[in-house]
Amino acid sequence: MGSNNFLQVVAKNFDVLALPLVTLVFPLYASIKAIETKSVKDDQQWLTYWVLYSMITLFELTFAKVLELIAIWPYAKLIVTCWLVLPHFNGAAYVYRHFIRPFYMNPQSASSKIWYVPKKKNIFSQPDDVLMAAERYIEENGTEAFERLIAKRQERLVRKSNNYMIFDDDYIY
């Protein structure tokens, strides 16, 4: 009866018991072992693991409130960490080679794969300075709107110079 209750507690709290072993104890042991060998490959595996572990920890700290709502998160983290840690899968090296290293070696090309930033066409063919912007504003809104805009800006500058408080309505969104 007592051993049955013990097994139930272990089964219900498997993630709490296994996660520190998989994420900290085994990698710590393997890292110390790797330091003592002359092989560069195992050093790279464990340095890479610790970088990824740090990134996972930062992710968890940043999104803690959201991750609390996801009941499967501790198990998913355990599975991913096992994939990163176990030498059979060599997941840490895979993630490093395919994701982190390309970004680190050439951030411009990697960022274009992650985020889409539209590029301005004909950047040198048309002058885009303050006078051109003012002319376009006058064409679209009229001279009266442009004069009101200038007056409002000057009024704001006067208020700031007279140590008035700045309110939200002073800003143009």
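Y94 is partly exposed, with a relative accessible area of 37%; partly exposed lies between buried (under 20%) and exposed (over 50%), using a 1.4 Å probe and protein chains only. The structure is a predicted model, in which local features need pLDDT of at least 70, side-chain atom pairs count only at pLDDT 80 or more, and totals for chains, interfaces and linings use all residues. Residues are numbered from 1 along each chain as its sequence is written, and side-chain values use heavy atoms, leaving out hydrogens and water.

**Aromatic pairs**
- The protein has 9 aromatic pairs, that is, rings of Phe, Tyr and Trp (its six-membered ring) with centres within 6.5 Å, called stacked if the planes are under 30 degrees apart, edge-to-face if over 60 and tilted for the rest.
- The ring centres of W83 and Y94 are 6.0 Å apart and their planes stand at 70 degrees, so this pair is edge-to-face.
- Because W83 belongs to helix α5 (residues 73-85) and Y94 to helix α6 (residues 91-105), the pair ties together parts 11 residues apart in sequence.
- W83 is also partly exposed, at a relative accessible area of 32%.
- One aromatic cluster is formed by F26, W46, Y49, W50 and Y53.

**Helices and annotated spans**
- The protein contains 9 helices and 0 strands, taken as DSSP runs (helices H or I, at least four residues; strands E, at least two) numbered from the N terminus.
- An unreviewed UniProt entry places the feature "transmembrane region" at residues 16-35, 47-66 and 72-96; such annotations may be inferred rather than shown by experiment.
- Residues 47-66 are 95% helix, and their end C-alpha atoms lie 29 Å apart.

**Burial**
- Of the 173 residues, 18% count as buried.
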